[in-house]
Amino acid sequence: MKFLGNNYETRASLWLQEQGLELLTRNFRSKGGEIDLIALHANTLVFIEVRARNNGHYASAAASVDRRKQQRLLRTAQFFLQRHPQWQKMPCRFDVLTFEPPQSGSGQAIRWIRSAFTA
């Protein structure tokens with residue numbers, strides 16, 4: 001399962017770089033959680049959660065970032081900022097990048113939800 005997660009994170013990081021983001025780190029971990037990708041977008045520090053769904057019969061990938069997951073991401077982002085004071089004064093946002101099953105055809109649709117939730 002971790003292999004699939006790494007594959008989606010790699011695809012997401014490449015796609016986001018094509019969109020103009022500068023990747024700072026992957027899989028930043030703290031005792032309370034993990035942030036898949038951390039990047040710069042213009043003058044904003046972006047914490048990105050990558051989610052994927054292969055089966056359209058379940059809730060969307062974006063819906064899986066529930067309130068509990070958001071709280072873990074917030075705490076991990078705070079820990080990141082404590083460890084990296086050079087980023088503390090920058091505006092921050094939390095994005096979700098999803099890979100959803102297509103309505104028709106093959107492949108997966110990428111959906112980038114900017115400012116998916118706030119602190």
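Are D95 and R93 buried or exposed, I wondered as I opened the file? Both D95 and R93 are buried. For that word I use under 20% relative accessible area, with exposed being over 50% and partly exposed in between (1.4 Å probe, protein chains only).

**Ground rules**

I am working on a predicted model, where local features need pLDDT of at least 70, side-chain atom pairs count only at pLDDT 80 or more, and totals for chains, interfaces and linings use all residues. Residues are numbered from 1 along each chain as its sequence is written, and side-chain values use heavy atoms, with hydrogens and water left out.

**Layout**

I looked up the fold next. The chain has 2 helices and 5 strands, and reading along the sequence I get α-β-β-β-α-β-β. Helices (H or I, at least four residues) and strands (E, at least two) are DSSP runs, numbered from the N terminus. Of the 119 residues, 40% count as buried. I also checked contacts, meaning heavy atoms within 4.5 Å. Among contacts with a separation of 6 or more, 51% are between residues 24 or more positions apart.

**Salt bridges**

Back to my opening pair. The side chains of D95 and R93 meet in a salt bridge, 2.8 Å from N to O. The term needs a side-chain nitrogen of Lys or Arg within 4 Å of a carboxyl oxygen of Asp or Glu. Side chains of opposite charge can pair when their charged atoms come close.

How many salt bridges does a search of the whole structure find? I get 5. R51 forms one with E49, the closest N and O atoms being 3.0 Å apart. E49 and K69 meet in another, at 3.8 Å from N to O. That pair links distant parts of the chain, with E49 in strand β3 and K69 in helix α2. I noted their C-alpha atoms as 9.7 Å apart in space and the residues as 20 apart in sequence. Salt bridges that share partners join E49, R51 and K69 into one network.

Why does E49 count as buried? Its relative accessibility is 4%, so E49 falls in that class. K69 counts as buried too, because its relative accessibility is 14%. Not counting residues up to four places away in sequence, K69 touches E34, E49 and R51.

**Helix α2**

I checked the length of α2 (residues 67-83). At 1.5 Å a residue its 17 residues should span 24 Å, and the end C-alpha atoms are 25 Å apart, which agrees. The expected span is 1.5 Å times one less than the number of residues.

Which residues of α2 are buried? My list reads K69, Q70, L73, L74, T76, A77, F80 and L81. An α-helix has 3.6 residues a turn, so residues three or four places apart point the same way. The buried residues of α2 pack against β1, β2 (33-41), β3 (44-52), β4 and β5 (109-117).

**T98**

I picked T98 in strand β4 (residues 92-100). T98 is buried because its relative accessible area is 0%. Leaving aside neighbours within four places in sequence, T98 is in contact with R51, A61, A62, A109, I110 and R111.

**Cavity**

A cavity here is a set of points on a 1 Å grid over the protein atoms alone, where a 1.4 Å probe fits but cannot get out; lining residues have an atom within 4 Å of a point.

S13, L16, Q17, L21, E22, L23, A39 and I48 line the largest cavity. The elements giving two or more residues to that lining are α1 (2-18) and β1 (22-30). The largest share, 3 residues, comes from α1. By class I count 5 nonpolar, 2 polar and 1 charged. Ala, Val, Leu, Ile, Met, Phe, Trp, Tyr, Cys and Pro go as nonpolar, Asp, Glu, Lys and Arg as charged, and the others, Gly among them, as polar.

**Positive phi**

Last entry: backbone angles. N27 has a positive phi of about 55° although it is not a glycine. N27 lies in strand β1 and is buried, with a relative accessible area of 16%. S115, in strand β5, has a positive phi near 50° and is not a glycine either. I put S115 down as partly exposed because its relative accessible area is 43%.

Terms used: 1 Å grid on protein atoms, 1.4 Å probe; cavity = no way out; pocket = protein on both sides within 12 Å on 5 of 7 lines; lining within 4 Å.
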